[in-house]
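Subject: A structure for you to explore

Hello,

Here is the structure I promised to pass on to you. Have a look around it first, and then read my notes below.

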Amino acid sequence: MPGGKLVVADLEVEDGLLRSPRISGDFFLEPDEALEAINAALDGLPAALEAHEIAARVERGLPPGTVMLGLSAEAVGIAVRRAVAHASDWHDHEWRLIHEGPQEPVLHMALDQVLAEEVAAGRRPPTLRIWEWASPAVIIGSFQSLRNEVDAAGAVRHGVSVVRRISGGGAMFVEPGNTITYSLYVPESLVAGMSFAESYAFLDDWVLGALGELGVRAWYQPLNDIASDQGKIGGAAQKRLAAGAVLHHVTMSYDIDAAKMLDVLRIGKEKLSGKGIASAKKRVDPLRRQTGLAREEIIERMVGHFRGRYGLVGDGVAEGELRRAEKLVAEKFDTREWTARVP
């Protein structure tokens, strides 16, 4: 359970119904009989129920005054759904790390698609990729309107390219050295049984732990933000491929040129309602100020935290993957048809 404890569901499925359910874990639960009440509430439920429906049945079956710490009815529902779906765990996979030199924004977009497809096809193990930017850019979400999000004149004035990614969500303003961006390419089995919203919290949990080790009290804020006491740190976006993989990427602000951002992004001006640069800096609070550490050290500590939790083997983009990505740049990501597909 993100931010909580381990919740385990052991069960059988017979004739489409849950049988002999046993919930366990390192959570805290009072009174003792609440555990048997949870098991009783699960027994006989249709195995096809969604997590929130299971949680509602569990909630109704709890004794009055039940106290849960590191556990919730929702967590039980998710654990049951993942058991039924035969979900995999982080430790079931051999994780690879890609952290290469700066690349142009449009190539990053293509690499995201290619590496996710490689994981879906089983040709690449689940992978963590740290991005390095060769030039400033605005990255708009798959469904955003180009003219509504970007001030074209401001982008030209500041030499900022505009690219569209394959995932949804909002626009990001990035400059080399000012952001920390990473992608996770994972098999669908890792988030099996989870809704989109639940998988965001699940896939972001490791980075919250890494930030905590850096002295930053951060949390997941639905739907897709990483927030702190001092303001928003970053945002996540996700794309699920029909072939069976999930692309989950996050951009966190290490530093910020708020004046330039507001000159390039229209949405920034609307969200801030004319409150100006000071409000922009307050709304997005960079990691540089919160940690006092160099960007490279923060990345190194993040990677070390991931390695300590799940293991991580150094890797690189294969020649064939790079060639496919370059082909996608020419045929898709660097074309007006793609960038302005929502004008």
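Leaving aside its neighbours within four places in sequence, which residues is Y182 in contact with? Please keep in mind that this is a predicted model. In it, Y182 is in contact with L128, R129, I130, W131, D204, W206, V207, H248, H249, V250, M252 and M302.

Now for the charged side chains. Side chains of opposite charge can pair when their charged atoms come close. The structure holds 20 salt bridges, and here are some to find:

- R123 pairs with E118, with the closest N and O atoms 2.8 Å apart. R123 counts as exposed because its relative accessibility is 57%, whereas E118, at 9%, counts as buried.
- E175 and K260 meet in a salt bridge at 2.7 Å, N to O. This pair links distant parts of the chain, 85 residues apart: E175 is in the loop between β9 (172-174) and β10, and K260 is in helix α8 (residues 258-264). Both E175 and K260 are buried.
- K327 and E331 meet at 2.8 Å, N to O. Both lie in helix α13 (residues 319-333), four residues apart, which is about one turn of the helix. K327 is partly exposed, with a relative accessible area of 49%, and E331 is exposed, at 52%.
- E94, R96, R124, D315 and E321 are linked in a network of salt bridges.

F28 is in strand β3 (residues 28-30) and counts as partly exposed because its relative accessibility is 49%. E30 is found in strand β3 too, and E30 touches G65, T66 and V67, not counting residues up to four places away in sequence.

One last stop is D151, in the loop between α5 (146-149) and α6 (152-157). Is D151 buried or exposed? D151 counts as buried because its relative accessibility is 14%. A polar atom of its side chain lies 3.2 Å from the backbone nitrogen of A153.

Enjoy exploring!

Key: Residues numbered from 1 in each chain as written. Predicted model: local features only at pLDDT ≥ 70, side-chain atom pairs only at ≥ 80, totals over all residues. Heavy atoms only, no water. Contact = heavy atoms within 4.5 Å. Helix = DSSP H or I, 4+ residues; strand = E, 2+ residues; numbered from the N terminus. Buried < 20%, exposed > 50% of the residue type's maximum accessible area, 1.4 Å probe, protein only. Polar contact = N/O pair within 3.5 Å; in protein donor to acceptor, adjacent residues only side chain to side chain. Salt bridge = Lys/Arg side-chain N within 4 Å of Asp/Glu carboxyl O.
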